[in-house]
Amino acid sequence: MAAVQLWSCREERPAQSDLLSPGERAYSDSAAGKQRWPSAPAPSRVRLQRSSGKMCSAKSKTLAFTGVLLGCLEMVFSANTAPDTPVIDQAYSKLSNSITVEWRAVPGANNYMLTAQDGDSFVETIVKNSPGTVTGLKPATLYRITVRSINSGGKSQPSSFRKVKTVLAAPILSVHSPSCDSIAVSWKAVHMAAGFSVSLMRSDGLGRKLKQNTTNTSLIFTNLDPGTLYTIRAFAWNANGMPGDDFTYNQRTSPNTPVDVKVAFNSGALRAVVSWMPSEGALTYSVTVSSGLLKLRCNTSSASCMVPSLQCGSEYYVSVTAYNDAGSSEPTDAVSLKTIPCAPVNISIEEDEHGHLLVSWSSVSLGHYYVVFVKSDDGLEVHCNTSYTQCHFQSDCGFTYFISIFAYNKAGQSPLGDVFNYTTAPCCPSDFRTVFMSSDTVRVTWAPVRGADLYETRAASGRGVLLCRDTATACTLSALQCSTPYNITVFSFSEARGSNTSCAPQYVATAPCSPEIKNISKEGLSVISVQWQPNNEEATYVVTARGEAGLWHCTSTRNSCTLMDLPCGSAFSVSAIARSPAGQSLPSYSIPLETAPCCPNDLILTQVTQSVTNISWSVGRGAQTYITILESPKGQAKCHTLQTYCLLGCITCGTNYTVSLRAITETGLTSSCTYQGYSSSACCPSGVKLYRLSNNGIRVFWQASEETINYNANLHGSKGNFSCTPSSGLSHCDITKIPCGDVYTVVVAPVTDKGPKLVFCPKKIYSVTCSGSSVGMVIYRGKSNAKHM
């Protein structure tokens, strides 16, 4: 089949800017909103578009083209026709922010544009049909109102304008209930308002409606029902009497004061339950309980409230206030509440006289009378009922009483205060005994008594008082003054009450005082005198010297005695005691006594060298050190030693000495001992020399210290020993036929009458040579270092 092209008709609607005239585009683009009305709308353009398709015949192609063309022409004519201009029937304002417009419907119009212009500003609104409302306007403002119809062909010309003023704005109310039967309403001034109308009515519809007109900005509605919700409506009108917007507010009146207030007091728990009749419209209640500056509050939504923690001895004033969202009622008249009295204080308990207790206390607020309960520790209880502040009770020694006091009034009994215990003084001990344990110590015993926690024993004398405290029924008093009479009393003691001061004393006397030795002096070699301070009356004193050698005693009633026949070289401890009918004193402090040391019995002197003498002796009892002295007109030799021997130097030969010895104790006590005199040996000669003689002999020559002394010469050699003794008065001697060719030790010593010769004279060594068979030269070889035999 041949291809057939079909043409279709499609309307091309221009853009919005193409539909508006230049004037209208300027209006649309203007942000200032100046009104400009458009001329006739621009025509629609129709575009023919070819389409391809297959037709069975040419005839069919012709008929289809004709139909399409007719349809397109109809669309062109209808699209280019704008609706007619509307005619406003009326325009009015019912609300302060809007104006309502009514007009006649325009055929072919799809929508309508309402315009409200106020000077240079305007507000537009598109609506479907009449009536229409322009919103977002200002209250009490004059607007020019126009209407334009709109369809697909465009907008009509604006209608003739109508001038309409919006109504007044509604007053913004501030509402409160100053009292339970009134509501106060106030507001700010409304622009262009000539007056205001305010109406009030119960929200539940009951009762009548109240209305007031005023030019003021506040008013009060009175004689209202307490606690009731009211609806308030208010509006303003202008000078023409036109009402503006109204404002509606719901306000409740504050509640009425509660009535029939009752207070129930719980004395045991110190709390009160307050109750009342409910008030109309009250949501909550507040109970105020005040006493001076103290205020307690209890909040509740019910018709009763419990107030805890009340104080005793106080008068409270109770009032109730009702509350709702409008405020509070007036508080009720105060109801007086007197609580129970407090427990009495400043309680004093004392024994005003023996066997009687006086209990006193301070009066308490709201206390009408008092009851005192006294219970002893054996279970017996008594009481005293009085309107005064003191009571008297009988009491016994050694008992503890428990005392409690209550105050009373119409509200009840006071709380339990402090329970006091009072312990009476314990009874005096019985079966009292005293036994001396020593001269200054006495043991006191007694039988136990009721109520005593502690016992105090007092020993009183003119010099003072000694105390002994113990829980036991015995006490030992020590450090008593010697030779003193005492009054000893035992007091029973309790921690709560102290001692019973009515107990009788017992008299005792202590032993004499110990003597004090003042001096010990030597009356002779073995006689010692002891003196002391007499510090007792009618006492006998005994002095004892005690040592390893034994005991020595002396007795006297005065202040001294003598110890006889004490041995030398002995140490003693001397003490004294005093005796009297009351007993024997302690010994005095011991005084050490040392007798002089004994002199040694034997003393031996031996000359060791020409100038040294050895002296030895036997032990002297009691001596620690010794001093030996050899003394002559030529000098003195002295030695101090711990030993029993001593070497004395610097002895002069050939001299007579006196010999003395001093024995000394470790404390320095000395005994001087004298012995037989001592003579030192004669002096050794000097200048000993050997000379050769012609007949094979040797002459020994020396220088004598004294002409009256005889000497002896000795030669000792390997070939023999030789000696010679000169005639009296000579200082040499000869030895004949002495072998030559030997070395000889030569010693020349004085000849003594007491036995052996002296061995400490110096030795010299000579060599005797031979000349042929005769003595040759004699040569000095020096001194010998050999020990003396």
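Reader: Is Cys-650 buried or exposed?

Author: In this predicted model, Cys-650 counts as exposed, because its relative accessibility is 72% and the cut-off for that word is over 50%. Cys-180, at 22% relative accessibility, counts as partly exposed.

Reader: How many disulfides does the structure hold?

Author: A disulfide is a covalent bond between the sulfur atoms of two cysteines. The structure holds 15 disulfides, and one of them is formed by Cys-468 and Cys-475, whose sulfur atoms lie 1.3 Å apart. Cys-468 counts as buried at 12% relative accessibility, and Cys-475 counts as buried at 2%.

Reader: Which parts does the pair of Cys-653 and Cys-683 tie together?

Author: A disulfide joins Cys-653 to Cys-683, with 1.7 Å from S to S, and it is right-handed because the torsion about the S-S bond is about 90°. Cys-653 lies in the loop between β54 and β55, while Cys-683 lies in the loop between β56 and β57, so the pair ties together parts that are 30 residues apart in sequence. Both Cys-653 and Cys-683 are buried.

Reader: Where does pLDDT stay under 50?

Author: Where pLDDT is low, the predicted coordinates should not be read in detail. Here pLDDT stays under 50 over residues 1-63 and also over residues 785-789, whereas the mean pLDDT of the chain is 84, with 87% of its residues reaching 70 or more.

Technical notes
Residues numbered from 1 in each chain as written. Predicted model: local features only at pLDDT ≥ 70, side-chain atom pairs only at ≥ 80, totals over all residues. Heavy atoms only, no water. pLDDT = per-residue confidence, 0-100. Contact = heavy atoms within 4.5 Å. Disulfide = S-S within 2.5 Å. Buried < 20%, exposed > 50% of the residue type's maximum accessible area, 1.4 Å probe, protein only. Helix = DSSP H or I, 4+ residues; strand = E, 2+ residues; numbered from the N terminus.
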